[in-house]
Amino acid sequence: MLILLKRMEEIKVDRLVEQLQAVAQKKAQRDLKGTWFQGSQTYLDALVDEVFEVKTELQLSRKCFLEDELADLLWNIVCLLEHLELEGKVEQKQVFHRALKKYSERVTERLPYETWNDVKARQKLELEKEYGKQ
């Protein structure tokens, strides 16, 4: 029963991410028509600002404000991914796949004798090999 409840919660989170991505897709189309938008750099700059706001809220210990600032951080990441994909620089789905692979290997699939840094070094070599094939 606990496993079923956990899976249902995962589905809810997946759906939330999909809904957020759908809103970001609409926002991206508006961005392209606006005069303020400076490409994906717009969202990179916003991420820097939001990190400082998250740090501030952590110090102030205001839960709802912290959650709100974390939401802004997440929003800017989703918007950044959307625009980087529109610019042909990344595939969003591939970014999610890479994140899952990377951290699964470092956390849940690591061999007993391996350290985080061992896995990280191996992954860096794998990326160099992949890059060499491009």
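Axes are lines fitted to C-alpha atoms, for helices over the stretch in contact, and the angles run from 0 to 180 degrees between N-to-C directions.

The structure is a predicted model, in which local features need pLDDT of at least 70 and side-chain atom pairs count only at pLDDT 80 or more, while totals for chains, interfaces and linings use all residues. Residues are numbered from 1 along each chain as its sequence is written, and side-chain values use heavy atoms, with hydrogens and water left out.

**Packing of α3 and α4**

Helices are DSSP runs (H or I, at least four residues), numbered from the N terminus. Helix α3 spans residues 63–86 and packs against α4 at an angle of about 125 degrees, with the axes 9 Å apart. The two helices, α3 and α4, are therefore oblique to each other. L81, E82 and E85 of α3 meet Q92, V95 and F96 of α4 in this contact, where contact means heavy atoms within 4.5 Å. By class, the contact of α3 with α4 holds three nonpolar, one polar and two charged residues. In this division Ala, Val, Leu, Ile, Met, Phe, Trp, Tyr, Cys and Pro count as nonpolar, Asp, Glu, Lys and Arg as charged, and the others, Gly among them, as polar.

**Pockets**

A pocket is an open set of points on a 1 Å grid over the protein atoms alone, where a 1.4 Å probe fits, with protein on both sides within 12 Å along at least five of seven lines; lining residues have an atom within 4 Å of a point. Grid points are joined across faces, edges and corners, and a volume is the space filled by probe spheres set on the points.

| Pocket | Volume |
|---|---|
| Largest pocket | about 330 Å³ |
| Second largest pocket | about 270 Å³ |

The largest pocket has 13 lining residues, and R98, A99, K101, K102 and L127 lie nearest its centre. Two elements, α4 (92–107) and α5 (116–133), each give two or more residues to the lining of the largest pocket. Helix α4 supplies the largest share of that lining, nine residues. Four nonpolar, three polar and six charged residues make up the lining of the largest pocket.

The second largest pocket is lined by D14, V17, E18, Q21, K93, F96, H97 and L100. Here α1 (2–33) and α4 are the elements that give two or more residues. The lining of the second largest pocket comprises three nonpolar, two polar and three charged residues.

**Individual residues**

Relative accessible area is classed as buried under 20%, exposed over 50% and partly exposed in between (1.4 Å probe, protein chains only).

R110 is located in the loop between α4 and α5, and its relative accessibility of 33% makes R110 partly exposed. Leaving aside residues up to four places away in sequence, R110 touches S104, E105, T115, W116 and V119. R110 and K33 are 77 residues apart in sequence, and their C-alpha atoms are 46 Å apart in space.

L86 belongs to helix α3 and is partly exposed, at a relative accessible area of 41%. Its contacts, not counting residues up to four places away in sequence, are A28, Q29 and L32. Between the C-alpha atoms of L86 and Q25, which are 61 residues apart along the chain, the separation is 9.7 Å.

S61 sits in the loop between α2 (41–60) and α3. Most residues other than glycine have a negative phi. S61, although not a glycine, has a positive phi of about 55 degrees. With a relative accessible area of 63%, S61 is exposed.

Note on methods
Parallel < 35°, antiparallel > 145°, perpendicular 65-115°, else oblique.
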